[in-house]
Structure formats: C-alpha cells, structure tokens
Amino acid sequence: MKVIDHINQAKKTLFSIEILPPLKGQTIDSIFSTMDQLMEFQPAFVDVTYHREEYVFRNAGNGLLEKTVVRKRPGTVGICAAITNRYKVDTVPHIICGGFTKQDTEDALIDLHFVGVDNILVLRGDPIKSEGRFVAEPGGHSYAKDLVDQAVNMNAGKYLDPDLKDTTKSNFCIGVAGYPEKHFESPNMKTDLRHLKAKIDAGAEYIVTQMFFDNEAYFKFVDDCRAIGITVPIIPGLKPLTTKSQLQVLPHYFHINLPEELVDLVEHSKSDKDVKQIGIDWCIRQSKELMERGAPVLHYYTMGKADTTKAIAKAVF
Ligand code: FAD
C-alpha cells in the first residue's frame, strides 16, 4: 500500500521508522531484531536507506596504495523484500542520484516494481568523502527533482528507450526530503523551499524532514511550505540523541541545530545512561507535541537502536 494512502486513510498520527542495511558481511538478523521489537507499534511503513560507494586506499604490497571501491551497506532492495515478506509491512526503499546512471536507476526501479514495492523516497545523496561537492554520475541525475521526473515517467509507462512498446506502468508513491533548518548547500531558505516545491510539482506526494530537535523549526517549515503552495503531507523525522558526542556529530553530519536547553541537560549529565534517558525524554516531548498539533506520521530514525525508539513509541503511541 502507498504511504499517501496510509496517511489519507488514517484517523490518527501514524508510526513509522527508518532502518539502515547492516554492514557488508553481517547478517540480516539485526534488522529482524529491530523489527521484532517495534512491530507491536504497527509501523505503517519502514524506510530502508541506500548507501553509495566509498573509496578506500589499500596497501597494494609494493609500497603503493591502491584505490578501491567499497559498498559498505548493500542490500536495500533485498531487505525491503525480506521485511514485506516476513512482517507484511510496506517498505520504502531510498533511491539516490549519486553513483547511478539513468539506466541504473531505471533497472533499480524495475526491480522494485517487480518485487511489489509501492513506495520510494527519492534523494540526491550526499557528496562522497573524496569529493568536496556532489558530482553526478556521467549520464546520471544532478538533483532529486530529476529522479522524481524519471519515476513519474515510469509510472506513466515512459522508459528511457523511446522504442519500447506496450510498456508496463509502475505505480510508485514518491516521497522526497525537506529540511526545516535548510539544506546545507542552499544559499537561503527561500531558495531551498523553491527547489522543494519543484520536486512536489514534478509529482512527489509527500515530504519527510531531516531530523530536528526544536519543534518550532518544523512548525515554521510547514507554514512556509503552505505559504508557497506546497500542500502535501510533511512527515517529521525524529531522532533521539543517545550519546554526548552527538552534540558535535549531529550538527556536523546533518547540518542541524541543537537547542540550548538540550545541550545544557546533556553537558551536565553524569553518565551515558543519563544522556540516553535525556534523549528519550526530549524525543517523547517532541513527539507528543507534534502529535497534538496534527503531524500525519511520526517517523523515527532508529539508526539500528530499537531500544530507544521502543521506549519513545511506548510513551507516545
Ligand atoms: P535535492 O532536492 O536535489 O537538493 C540538494 C540541494 O540542491 C539543495 O540545496 C537544493 O536546494 C539544491 N537544488 C535542488 N534543485 C536545484 C536546482 N535545480 N538548481 C540548483 N540547486 C538546486 N542520503 C543517502 O545517501 N541515502 C539515504 O538513504 C538518505 N536518506 C535520507 C532521508 C531523509 C529523510 C533525508 C532528509 C535525507 C536523506 N539522505 C540520504 C541525505 C540526502 O541525500 C542529502 O541531504 C543530500 O545532500 C540532498 O538530498 P535531496 O534529495 O534533498 O537533494
């Protein structure tokens, strides 16, 4: 079932989660363990992230270093199929521009259509570490909007090869990312919102936000979106803070702010256990307010930590 249908048919705020594929070589059991712990809260859908290739330098044994491509967390499509098969829950694979030609994307979408996936979250992807800024694959897309166009075309039966006849139409519900505190590359919020609107105008049916720790950022973002004519559901993405080091790590990697009150609480905490509890309590407070003010779905970034999401869901749902 499509995410948009889940939202339209719901009489209350829905619960959903995002999970990461395990590191290459690890078992899928960690995913099943996360799912086992969270199924009691009836997730409406489960997002599975996609991780592009990275470059590592390995000792070639002759005093030289060899540049090698590694994909650390493969398996997004397989995990989606496994989850749907085992738990009868809808999945949302993330599809990115980075590292993909349009042909690669088309083939990936065909695979997803054939395994019965109804939803995709369409993203550009971040620059890889060896590149300062995002560089599209030759013959690939530069922006998420272009990938939305390709998926919309495929939903209409339009494939890249114009000579294909009697083509099957896919039927994906397409989601895109939004940034309550602005995407880090955008020169200003207004420009970022204009680009977000272009993704919606192209055919995306809902938005999932980057994590935020101050609900006012989300409420303002929703107001600003509505003011420029973005009418689709805007799903807040939530992540409980779990360690003291995340005070630096989260702003660094996700380009988000942490409220002073939360920072004070964490800085004055005595143990890792205390920090985790502070993070859980903060996220419960955020979740309850978002729910009261009508958020369509509360979407939790589990990052492989089912216990914290479980504690929050128990208090909220
Ligand atoms: P876009 O919408 O393409 O925007 C990227 C930047 O370009 C923005 O600054 C935008 O304002 C600007 N822009 C857009 N269109 C134009 C234009 N025509 N001209 C000039 N500028 C333009 N990354 C992964 O690798 N894998 C994942 O699974 C993943 N999941 C995510 C899930 C969520 C909910 C979120 C919020 C992010 C996720 N990311 C993931 C990270 C995401 O790929 C990065 O944030 C990336 O830098 C931007 O992706 P986007 O889809 O928002 O890009």
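How do the residues of the lining of the second largest pocket divide into nonpolar, polar and charged? They divide into 8 nonpolar, 4 polar and 2 charged. Here Ala, Val, Leu, Ile, Met, Phe, Trp, Tyr, Cys and Pro count as nonpolar, Asp, Glu, Lys and Arg as charged, and the others, Gly among them, as polar.

This is a predicted model, where local features need pLDDT of at least 70, side-chain atom pairs count only at pLDDT 80 or more, and totals for chains, interfaces and linings use all residues. Residues are numbered from 1 along each chain as its sequence is written, and side-chain values use heavy atoms, without hydrogens and water.

The second largest pocket holds about 220 Å³ of space. Among its 14 lining residues, Tyr50, Thr76, Val77, Phe100 and Ala108 are the closest to its centre. Strand β5 gives the most to this lining.

The structure also has 1 cavity of 30 Å³ or more. Its lining includes Phe213, Trp282 and Gln286.

| Space | Volume | Top contributor to lining |
|---|---|---|
| Second largest pocket | about 220 Å³ | β5, 4 residues |
| Largest cavity | about 30 Å³ | α10, 4 residues |

Threonine 309 lies in helix α11 (residues 306-316). Threonine 309 is buried, at 1% relative accessible area (buried means under 20%, with a 1.4 Å probe and protein chains only). Beyond neighbours within four places in sequence, threonine 309 is in contact (heavy atoms within 4.5 Å) with Phe15, Ile17, Leu38, Tyr300 and Thr302.

Terms used
1 Å grid on protein atoms, 1.4 Å probe; cavity = no way out; pocket = protein on both sides within 12 Å on 5 of 7 lines; lining within 4 Å. Points joined across faces, edges and corners; volume = space filled by probe spheres on them. Helix = DSSP H or I, 4+ residues; strand = E, 2+ residues; numbered from the N terminus. Buried < 20%, exposed > 50% of the residue type's maximum accessible area, 1.4 Å probe, protein only.
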